[in-house]
Amino acid sequence: MACAALAQQLGKAAGILHVEANAWTGNIVVRFDPAYPLEAIIACIDGHGGDVSEGAPASRACGGNGPVVRLDFGARVGHAHAAAPSATTRAGATQAGLAGRPWHAVDAREALLAMGSSMERGLSHRTAQRRLLFHGPNQLDPPRLRSALEMFVAQFKSLPVALLAGSAIVSIATGGLADALVIASVVLINGAIGYATESQAERAIHALDDMTQRQAMVLRDAELHRVDAREVVVGDILVLTAGVYVGADARLVDARQLSADESPMTGESLPAQKSPKRLRERDVPLAERTCMVYMGTTVVSGSGLAVVVAVGRATELGMVQMLVGSTRPPATPMQRQLQHFGNQTVRLATAMCALVFVIGMLRGLGLGAMFKTSVSLAVAAVPEGLPTVATTTLALGIRRMRRQNVLVRRLDAVETLGAVHTVCFDKTGTLTVNRMRVLAMHAAMQRSAVVDGRLYAPDGRIEPHAHDAVLRLLHVAVLCNEARLDGGPDRFQLNGSSTELALVELALAASVEVDAVRTRHPLLEVAYRADERNYMATLHGGEGGARLLAVKGNPAEVLALCSEHADDGHRLPLTESDRESILAANHEMGAEGLRLLGFAYATGDGTLDIDARPLCWLGMLGLADPIRHGAQQLIDLFRHAGIKTAIITGDQAVTAHAVGKTLGMGNNGNGGPEVVEASHIAGMQPDEFARLAQRVDIFARVSAANKLQIVQGLQRGGQVVAMVGDGINDGPALKAADISVAMGRHSTDLAREVADVVLEDDELQTLAVAISQGRAIYSNIRKSVHFLVSTNLSEIVVMLAAVGAGVGQPLTPMQLLWINLLSDVFPALALAVEPPEPDVLLMPPRDASEPIVGRADMARFGMEALAIGGGAMAAHALAAARHGAGPAAGTVSFMTLTLGQLLHAYNCRTDSRSKTGSAPAQRNRYLDLAVGGGMALQVLAGLIPGLRSMLGVGPVDALDIATIAAGAAAPYWIHGATRRRRSASVKRVAGRQNGGSQTRSAPR
């Protein structure tokens, strides 16, 4: 009877206290431990073969000896009807109740029972299909990609574009249809440039995604089946072998030398050793859950069976994805600063134009004329060239980065890189290559370094064939090793664990014929590592029936088995002094973050019994995940650029400390960088943690949630944070960072999906180029803003001075619009492509809260506007003295103001924040073309009859031309002289500082 069989199966569970079954009524009463979840009982019924029905509730009550659940199977005898939650809640209840349990603290047998599965038979096909319908496919929600329409519309969601739209409306209202069309064209061009750039970056980034269809080997009805990973269900038995992708979160029920690469999830560079043995503690970090395997990881070596306990969104990978989805990226520094600048511009323009209007009315100039003049002046005061400048500058920066294999998803991402105060690096796969290499050797009582696979002693290169002890060590390293060489002699592929692959790669680099050595010494027997011994031994055949015993493992344990050591082809007695020397080297190399393996051998005709014969010590090899090429230089460059660097890793603290020290991080003397483990930050108040985050160099043993917490803590302290990573566990931190950077070739799809910048070729050095480019872009945008604000203010100065002095209106509304059209776009664009300042990476990062135009800047821009406007008004006064107040004097002031603004573009080539105070030595041919072209158009405005009539320009004589030239050039000369004095002052101060530092550093 199915009811009785189910009752018997339920009674086997450790958490079930008592079971009563009635086959005639179809009821089962279960008394269970309070810690045992009701969902586990339902899953067991489901796995037994019962149809999960709806509407037959499972009643639950509290008895004297634990909770009681009454399961109603209905009236049909022999066919169970299990009570279940409703269709809308059952999947969520099972996933939350079962997947959320600490399965690492549950016995393997109990996990099988709770999942309704069997290690020998697995699930039935019928149960698997029913669960697939019940829970849905085992897949994560696909990332939501921005549509073409969304990307295009996003280009117009900015304050400068809104200001332009307002300008166009005002222009239409005042009859300036041509000007409105020009402004609308500028807006559309901006949108087209931004859309084209961002959509191209999106296509390039998604081309890197791994579109491989994952498969899983499962046990169903006692037979092996290869299924699509999306069809794996809770309770399936996964068959795990080397190279297999783990398709779901699962509890191990059997394992033989099983290890898995969990670096995408945990940041651990070494493969995680796995065992089905349950853990006693419930709160165990993900990296230490040795009896669990997780979706998104890969089996490196060994084999095993695991029962699936979570699929889809309920997996650890799904939890990370949900954390990514709930994280919102902050506004970029430029977005915040342009918004502030836009507000400043609107307030200033409104106040000045209102003042001109009021003064004009008081002077009796007429309501209609002054309204039209004030509106034209308001249009002129709005820097409509700024959106074009910003968009074009960023787009050009992205193009330059694309040529260096850097993909930028958003236009403002490059500029944000230039504002970074802190760069947080994931360690494994980012600062390191995520592949183990042999970096050091200790053989024949001498330490050697390994560089690019070659051995170097302090006195030079080591040739293994000339050093018997080294050659024997390499032979033992490839014999006591399960890594395979697949393929031909010229084109082979290595397969196996990362540690054993590193040993074989070292031997191959040292010209050891691995296949020949293994052929001469065929493998006879293997003794794997075990709980009681931390080493592996292999027995090999040889010529004439001889046997070779090869041993590798923990150096201290292997050394304890040895009575001799190899040196120059001889086997010498191993003295206590020798042992102390070897153990000291072991401690020294271990402190450098190296994973150490000791090697020994024995010959004779014995068996695999290690205790039956003395071993001969050969030496140690030190392995580590090597630093990525260029990482050390990048950290050093960031230090000089005033950028703080931090490592955020799931790896061990000692390993992370060694990497940080190698990179030269930290400033606490010989102790190297300051390291804090995630356990020390648990429970900290946000403000307390923000202060800690500013000081710490390395955070170790962190989870995905910890990484997010660290990034947000740095941001809370006022830092602009860049996050560089490649793993699944980097996703939330990448999403939250002000700028996120992912590796291209070897990063996970999740990391690439949320990153703003992707390094297509995994070259870290391009980060420095990107930051330099970002700083140069921001500096150039400031130069353009400098030009736009000072020239637009000069127009207000002229109109305010003329109206206030009662000399009429020297500029007509059409002339104001012409000046705006001629000088606002092309010179500002040319300034946006200025070559970088020579000290762009020597200046500290800018304050993210500092406006793009501060009070000191506005004061300086105002003085320059006074100079330009004063030159135009002086020319107007001279012309009025000769020709009288009228069109002739207006023509002179119009020409002087326009040419003075164009010449002022050369004075804006230097950013006021530059330490040198001097303009770049390299010429800007685009600026020459923009200024020269603008001057030519201005001359044509006085020569072409139709244009002259529209602008109200009259004829000028030679004296007028001289007046115009002097009035336009005077502000340029004044500003140039001021800049040269400032540059000389800066150099004198720098010289005194350098001399003082040299004096202090000189020996006494």
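In the predicted model, strand E29 and strand E31 (residues 698-700) run parallel and are joined by two bridges. Within this pairing, Ile 648 has Phe 699 of E31 as its bridge partner. Strand E29 also pairs with strand E15 (residues 422-425), again in the parallel sense, over four bridges. Here the bridge partner of Thr 422 is Lys 644 in E29. Strands of a sheet pair through backbone hydrogen bonds, in either a parallel or an antiparallel sense.

Strand E29 covers residues 644-648, and five of its five residues are buried, so the strand is largely enclosed by the rest of the structure. Burial is assigned to residues with under 20% relative accessible area. In a regular strand the side chains alternate between the two faces of the sheet. Both faces of E29 are covered: Lys 644, Ala 646 and Ile 648 are buried on one side, and Thr 645 and Ile 647 are buried on the other.

These strands belong to an open sheet of eight strands with mixed pairing, arranged in the order E14-E34-E33-E32-E15-E29-E31-E30. Its edges are formed by strand E14 (406-408) and strand E30 (675-677), each of which pairs on one side only. From one strand to the next, the twist averages 20 degrees. Elsewhere in the order, strand E33 (residues 739-743) runs parallel to strand E34 (residues 757-759), with three bridges between them. Val 741 has Val 757 of E34 as its bridge partner.

Helix H22 (residues 653-662) touches E29, E30 and E31, and its direction makes about 155 degrees with that of E31. Helix H24 (residues 704-716) touches E15, E29, E31 and strand E32 (721-725), and its direction makes about 155 degrees with that of E32.

A further set of pairings involves strand E10 (residues 249-261). Strand E10 runs antiparallel to strand E13 (residues 298-310), to which 10 bridges join it; Asp 249 stands opposite Ala 310 in E13. Strand E10 also pairs in the antiparallel sense with strand E12 (residues 292-293) over two bridges, where Ala 250 stands opposite Val 293. An antiparallel pairing over two bridges likewise links E10 to strand E11 (residues 272-273), in which Ala 272 is the bridge partner of Ala 260.

At the surface, a nonpolar patch is formed by Leu 937, Val 939, Leu 940, Leu 943 and Ile 944, with about 430 Å² of accessible area together. Of these residues, Val 939 lies in helix H32 (residues 925-941).

Key:
Residues numbered from 1 in each chain as written. Predicted model: local features only at pLDDT ≥ 70, side-chain atom pairs only at ≥ 80, totals over all residues. Heavy atoms only, no water. Patch = residues over 30% accessible without salt bridge, like charges linked within 9 Å, V, L, I, M, F, W, Y side chains within 5 Å. Areas by Shrake-Rupley, 256 points an atom, 1.4 Å probe, with all protein chains shown as cover. Salt bridge = Lys/Arg side-chain N within 4 Å of Asp/Glu carboxyl O. Buried < 20%, exposed > 50% of the residue type's maximum accessible area, 1.4 Å probe, protein only. Pairing = 2+ DSSP bridges. Axes fitted to C-alpha atoms, helices over the stretch in contact; angles between N-to-C directions. Contact = heavy atoms within 4.5 Å.
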